[in-house]
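Let's take a walk through this one together. Have the model open in your viewer and follow along.

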Amino acid sequence: MPQQLAIIVLVDVGNALASSTLEGNTYLFDNMKLHGSENEGTGELVTAINGSYWRDGSQASEQVLNWLPYSLGSIPPTVPRGYEVERARQTDEQALAELQELAAKSTVPSSDAEAELNRIRRSVGTRIKTTRRTRGRMSGQKIVDVTGQVVTEDATAAASHPAPVITDIYGEAVESKIMYPAEYGSPDMVTDGWYWSATVDTSRPGTYSYMMRVQLHKLVQTNGELRWDPVNLTCASALKITSEPRRNAFTKAGVGPLPIPPAVRPGRGA
């Protein structure tokens with residue numbers, strides 16, 4: 001079975017939307033730093049693909065890559081999928097309780113009651129308008145900040161951006177038939193069940209570039225309603241395929257027995 005590598009695509013969504021580019025706003029990581037990957041934590045990652053080969057030099061197996069996009073400064077991806085729905089329900093229940101309490105205090109309209117109603121109205125937050133392009137997890141949800149607190153339409157600067165979505169992978173590595181990417185579905189509740197994966201032909205050493213098309217979402221207000229508008233940007237990266245002999249991860253030497261001294265048999269010690 002081929003080894004699987006993960007490539008994390010961490011995007012500063014706020015700055016990327018403000019500057020309309022992913023350049024300088026994307027940080028890439030993989031789990032091959034100790035095996036030759038270069039420029040970890042920058043937007044110029046070169047992922048090391050150390051192929052697997054038999055003793056005669058022929059290819060033993062392909063390499064599998066998985067891309068995981070995340071948003072910098074947003075609600076962590078490990079938060080349960082229904083978190084926003086639960087926060088919306090909690091704020092609705094709290095506002096209803098406060099309205100009942102306010103109604104019980106006095107039935108006579110007053111300036112204090114009006115101020116209290118405005119406070120409750122703000123505490124309820126603002127829901128996102130559902131459009132044909134934003135159906136799904138974001139449909140009808142309230143705007144929340146990075147701490148999970150709902151925010152109103154006049155405080156949207158603190159809104160937590162939805163996670164980036166990879167919509168395509170293309171470029172030199174794909175056109176050269178080095179890499180075969182595709183989008184797959186799984187029961188993974190963190191990534192909404194969809195992720196991009198690829199099989200890499202490790203029989204042709206070299207450095208190959210590729211492009212990712214990444215979709216962000218920008219909060220816009222139209223006719224008094226807020227909605228997430230999709231914004232498509234691109235991000236470049238590269239693979240470096242080598243055919244170097246496999247090395248023992250503990251000894252850094254060739255594949256073979258670990259350098260563990262033989263056990264001393266009873267009665268034969270010094």
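Where does Ser 20 lie? Look in the loop between α1 (13–19) and β2 (26–30). Keep in mind as you look that this is a predicted model. Ser 20 deserves a glance for its backbone: its phi is positive, about 55°, even though the residue is not a glycine. As background, most residues other than glycine have a negative phi. Ser 20 is also exposed, with a relative accessible area of 55%.

The protein chain has four helices and 11 strands. Of its 270 residues, 35% are buried. The chain exposes about 16100 Å², and carbon and sulfur atoms supply 53% of that area. If you take the contacts between residues at least 6 apart in sequence, 61% of them join residues at least 24 apart.

Next, head inside. The largest nonpolar core has 32 residues, and the ones with the most contacts inside it are Leu 65, Trp 67, Met 179, Tyr 210, Met 212 and Leu 216. Several elements each supply at least two residues of this core, among them β1 (4–11), α1, β6 (63–71) and β11 (225–242). The largest share, five residues, comes from β10. There is also a second, separate core of seven residues, including Ile 128, Ile 143, Leu 219 and Leu 226.

A search of the whole structure turns up two aromatic pairs. In one of them, the ring centres of Trp 67 and Tyr 210 are 5.8 Å apart and the ring planes meet at 70°, so the pair is edge-to-face. This pair links distant parts of the chain, with Trp 67 in strand β6 and Tyr 210 in strand β10, 143 residues apart. And are these two buried or exposed? Both Trp 67 and Tyr 210 are buried.

Conventions
Residues numbered from 1 in each chain as written. Predicted model: local features only at pLDDT ≥ 70, side-chain atom pairs only at ≥ 80, totals over all residues. Heavy atoms only, no water. Buried < 20%, exposed > 50% of the residue type's maximum accessible area, 1.4 Å probe, protein only. Contact = heavy atoms within 4.5 Å. Areas by Shrake-Rupley, 256 points an atom, 1.4 Å probe, with all protein chains shown as cover. Core = buried A, V, L, I, M, F, W, Y, C linked by side-chain atoms within 4.5 Å. Phe/Tyr/Trp six-rings, centres within 6.5 Å; stacked < 30°, edge-to-face > 60°.
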